[in-house]
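Here is a briefing for a reader new to this structure. Look through the sequence and the model first, then read the points below.

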Amino acid sequence: MKNNLDIWALFVAVVVLVILPFTATGYIIYIANLLMIYVVLALGLHIVIGETGQFALAHAAFYGIGIYTAGILNNALHLNFVFSVIAAGILSAIVGYLLGALAIRMRDIYLALSTFAFGEAMQWVFLNWNDVTNGSNGLQISPAQFFGFQLTSDLKAYPFVVIGAATLLGLAVWLSRSQLGSAFRAVRESEVAAEAMGVNVNLTKRVAFMLSAAFAGMAGGLYTTFASFIHPESLGFWTTILILIMIVVGGIGSVRGAVVGAIIFGVLSELLRQFPSFQEIIYGLILIGFMMFAPRGLFSGRRLIASARPHSKTESTSGGQP
């Protein structure tokens, strides 16, 4: 039944994405592009928090590294945007691996605080490294290139953003079902038990940080295909919190939850853009409500119902399912 629902949901999503550029306005296409970026960001944070259980709060920093890497390469070399996106992902992955190597001995609040400090430090770099990032004036980004074809509008960038997001979604699903995904979840449940089963806990954590950062970096690279300007203020701690809310509301440990949460809160953030003073209040109330009444997120219902049935008592209700 669950597989049938997934197939139907995928079919509907494909139909909507195909007809959207022929029926929607430019602003709607921009929102669709932005939602794809949020999906990739949520999938990246899902890897390190949802799959591996490492409460890291530096996602916006890796997103910023990806944006500035791809944007600077676009401006200086006018590379094919595919290479810019890959370079953004690689550089973010390297930094993520190094951060993971430093943070592997930290847990819970100490890990959260150390990664939060890294995120704040990176925003300071974005704001003050004037020779590279243009500092507080923001960086103007040249149109992305694809074999001589310039992506000068949201509509032109749309198919590339959708293909990129779909590719990374497929990678996230494969990763969740792979042996590495099983190692991630083993570390999440119990590091001692995982080590007893032969899992290299420290290496697994570093790989989780690296892959999470790579997703965020490539999300930043994809963002430069339709955005012409970036300001460091949009890469602060609030961006990480927004992505965190997406995976919490969608369901921690669920790929489906990450995707649905990204779409819901991506749309909500645009609807509330005209009311900036109320955004934090509304997001806070939503998060409190879910923590009180649905702590497993939107995709916990079917697992909880299944576990209550007599014939399903032996079925796994782990949040690591895709």
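H3 and H10 are oblique to each other. This is a predicted model.

**H3 against H10**

- Helix H3 covers residues 59–77 and helix H10 covers residues 201–223.
- The crossing of H3 and H10 is right-handed.
- On the H3 side, the contact is made by His 59, Phe 62, Tyr 63, Gly 66, Ile 67 and Ala 70. On the H10 side, the partners include Ser 212, Ala 213, Ala 216 and Gly 217. Ala 219, Gly 220, Gly 221 and Tyr 223 of H10 also take part.
- By class, the residues of this H3–H10 contact are eight nonpolar, six polar and no charged.

**H8 against H10**

- Helix H8 spans residues 179–189. H8 packs on H10 at about 110°, with the axes 10 Å apart.
- An angle from 65 to 115 degrees counts as roughly perpendicular, and therefore H8 and H10 are described that way.
- The crossing of H8 and H10 is left-handed.
- H8 contributes Leu 180, Ala 183, Phe 184 and Val 187 to the contact. H10 contributes Val 201, Thr 204, Lys 205, Val 207, Ala 208 and Leu 211.
- The residues of the H8–H10 contact divide into eight nonpolar, one polar and one charged.

**H7 against H10**

- Helix H7 runs over residues 154–177. H7 and H10 pack at an angle of about 170°, and their axes are 10 Å apart.
- Angles over 145 degrees count as roughly antiparallel, so H7 and H10 fall in that class.
- From H7, the contact draws on Phe 160, Val 161, Gly 164, Ala 165, Leu 168, Leu 171, Ala 172 and Leu 175. From H10, Leu 211, Phe 215, Met 218 and Leu 222 meet them.
- The contact of H7 with H10 has 11 nonpolar residues, one polar and no charged.

**Nonpolar cores**

- The largest nonpolar core has 83 residues. Within this core, Ile 37, Tyr 38 and Tyr 223 touch the most other members.
- Helix H2 (residues 26–51) gives the most to this core, with 17 residues.
- Which residues does Tyr 223 touch, not counting residues up to four places away in sequence? They are Leu 34, Ile 37, Tyr 63, Ile 67, Phe 229 and Ile 230.
- A second, separate core has six residues. Among them are Ala 183, Ala 186, Val 199 and Val 201.
- In soluble globular proteins, nonpolar side chains tend to be buried together.

**Two residues with positive phi**

- Most residues other than glycine have a negative phi.
- His 78 is not a glycine, yet has a positive phi of about 50°. His 78 sits in the loop between H3 and helix H4 (81–103).
- With a relative accessible area of 45%, His 78 is partly exposed.
- Phe 147 also has a positive phi of about 50° and is not a glycine. Phe 147 is in the loop between strand E2 (144–146) and strand E3 (149–151).
- Is Phe 147 buried or exposed? Phe 147 counts as exposed, because its relative accessibility is 70% and the cut-off is over 50%.

Methods. Residues are numbered from 1 along each chain as its sequence is written. This is a predicted model: local features need pLDDT of at least 70, side-chain atom pairs count only at pLDDT 80 or more; totals for chains, interfaces and linings use all residues. Side-chain values use heavy atoms; hydrogens and water are left out. Axes are lines fitted to C-alpha atoms, for helices over the stretch in contact, and angles run from 0 to 180 degrees between N-to-C directions. Helices (H or I, at least four residues) and strands (E, at least two) are DSSP runs, numbered from the N terminus. Angles under 35 degrees count as roughly parallel, over 145 as roughly antiparallel, 65 to 115 as roughly perpendicular and the rest as oblique. A crossing is left-handed if the near helix is turned anticlockwise from the far one by less than a right angle, and right-handed if clockwise. Contact means heavy atoms within 4.5 Å. Ala, Val, Leu, Ile, Met, Phe, Trp, Tyr, Cys and Pro count as nonpolar, Asp, Glu, Lys and Arg as charged, and the others, Gly among them, as polar. A nonpolar core is a set of buried Ala, Val, Leu, Ile, Met, Phe, Trp, Tyr and Cys residues joined through side-chain atoms within 4.5 Å. Buried means under 20% relative accessible area, exposed over 50%, partly exposed in between (1.4 Å probe, protein chains only).
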